[in-house]
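Have the chain and its fold in view.

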Amino acid sequence: MQTPEQEPVNLLNFDRKGLADFFVAMGEKPFRATQLLKWIYQEDVTDFAQMTNLSKSLRTYLTEHCTITAPEILIEQVASDGTTKWVVEMGLGNRIESVFIPEEKRGTLCVSSQIGCALACTFCSTAQQGFNRNLSVAEIIGQLYVAQKRLGENRRITNVVMMGMGEPLLNFDNVVAAMNLMMDDFTFGLSKRRVTLSTSGVVPAMNRLHAVCDVSMAVSLHAANDALRDELVPINQKYPLEQLMAACKDYANKGPRKHITFEYVMLAGINDSVHDARALLKLLKDVPAKINLIPFNPFPDSSYLCSSRPVIIRFKDILYKGGIITTIRKTRGDDIDAACGQLVGKVKDKSRRHLKLQQMGSSRAG
Ligand code: SAH
């Protein structure tokens, strides 16, 4: 048990199981976990003294040793289409961004998993920021917690996509705990179909995910051959397409969900030819797939251009005729730089980027 001088324990860092273990370790019953989750996430109470179904001594203990501390919103920007971007403070000058995308029947929150990103995808502005650190569970679930508070009762967050800054599968444990929390009946109760993890293709982590957290999977594909994908999404050098496709098939076959969503950014003259579309069809022929074409969103100093509308439509038609459901992502919030690949936040001390890249290795793992 901790001494009073120790840092208070932030209870937003625990999912239900973690919280139950925490209470059991102090001699309390595990059901305290659900009581606490309800107070925090459903009753919006953060003052332990007001948690009337806990014993007086437990309330005193929690007040002395624990906190419920969510990250703070620094800036809020609302785009002309209603998309809202929040810049969220993560300490030591680091900032991340989360984005709310309202639609008629749903409201989607795009959540960040890391401060910056170590993956260096050439078309993504987050990559240009470098990498600082993983976000904690409290900082990930906290994005949902503060966003829902800001939006109020009338605008519910119905969907979460782990498509903000960072590579979620390189922050596996914290992202899994945070996603399990989002789906918990005593917190936000989101269904597993409404929580989507997007990955650039960290194959070993994809293989581990289903057993611990059964969410929908999106894969940032962007190229149908290894030579081009090695360049656009450098982690492909470590986990090439053959391994990636095997992991995708496996994930889709494990659950009742019927498909993996493949994201494909449309880069003029790079990956948007008729030949590329046919190669994509061939690559995905045995995978239960949907494709989401993302018009490239430019950012300062980016060297790519977005494919023209007719080229995107030609690409879509080839895929569609080939039997794959294909949609073109509507660009939302681009007037406030809130669109895909435009999230930059503020990353202090990027020196760890190279270290991380070395750890990931640059040669192909056979
Ligand atoms: N690292 C994860 C999560 C980020 S998701 C992943 O790669 O999946 C962000 C999505 O936006 C990814 O599909 C990414 O490839 C795409 N993206 C990045 N930069 C973009 C840009 N400039 N224009 C359009 N889409 C972009």
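Which residue of E4 does valine 78 stand opposite? Valine 78 faces threonine 84.

Some ground rules come before the tour. This is a predicted model, in which local features need pLDDT of at least 70 and side-chain atom pairs count only at pLDDT 80 or more, while totals for chains, interfaces and linings use all residues. Residues are numbered from 1 along each chain as its sequence is written, and side-chain values use heavy atoms, with hydrogens and water left out.

Strand E3 (residues 72-78) and strand E4 (residues 84-89) run antiparallel, joined by six bridges. Two strands pair if DSSP finds at least two bridges between them. Five residues sit between E3 and E4, and glycine 82 in this hairpin takes a positive phi near 90°.

Now go to E13. Strand E12 (260-266) and strand E13 (289-295) both give two or more residues to the shell around the ligand. E12 and E13 run parallel, with seven bridges between them. Threonine 261 stands opposite lysine 290 of E13. Right-handed means that, with the strands pointing away from the viewer, the path from the first strand over the helix to the second runs clockwise.

E13 also pairs with strand E14 (residues 325-328), again in the parallel sense, over four bridges. Leucine 293 has isoleucine 328 of E14 as its bridge partner. From E13 the chain crosses through helix H11 (residues 309-321) to E14, and this crossover is right-handed. Six of the seven residues of E13 are buried, that is, under 20% relative accessible area (1.4 Å probe, protein chains only).

Of the 22 residues around it, Phe123, Ser198, Ser220, His222 and Asn297 come nearest; a residue counts as near if one of its heavy atoms lies within 4 Å. By class, the shell has eleven nonpolar, nine polar and two charged residues. A side-chain N or O atom of serine 220 is 2.6 Å from a ligand oxygen. Glutamate 167 places a polar side-chain atom 3.1 Å from a ligand nitrogen. A backbone N or O atom of threonine 199 lies 3.4 Å from a ligand oxygen. The cut-off for such a polar contact is a pair of N or O atoms within 3.5 Å. Taken alone, the ligand exposes 530 Å², and the protein buries 94% of that, by the Shrake-Rupley method with a 1.4 Å probe.

Terms used: A polar contact is a pair of N or O atoms within 3.5 Å; within protein, one must be able to donate a hydrogen and the other to accept it, and residues adjacent in sequence count only if both atoms are side-chain atoms. Ala, Val, Leu, Ile, Met, Phe, Trp, Tyr, Cys and Pro count as nonpolar, Asp, Glu, Lys and Arg as charged, and the others, Gly among them, as polar. Buried means under 20% relative accessible area, exposed over 50%, partly exposed in between (1.4 Å probe, protein chains only).
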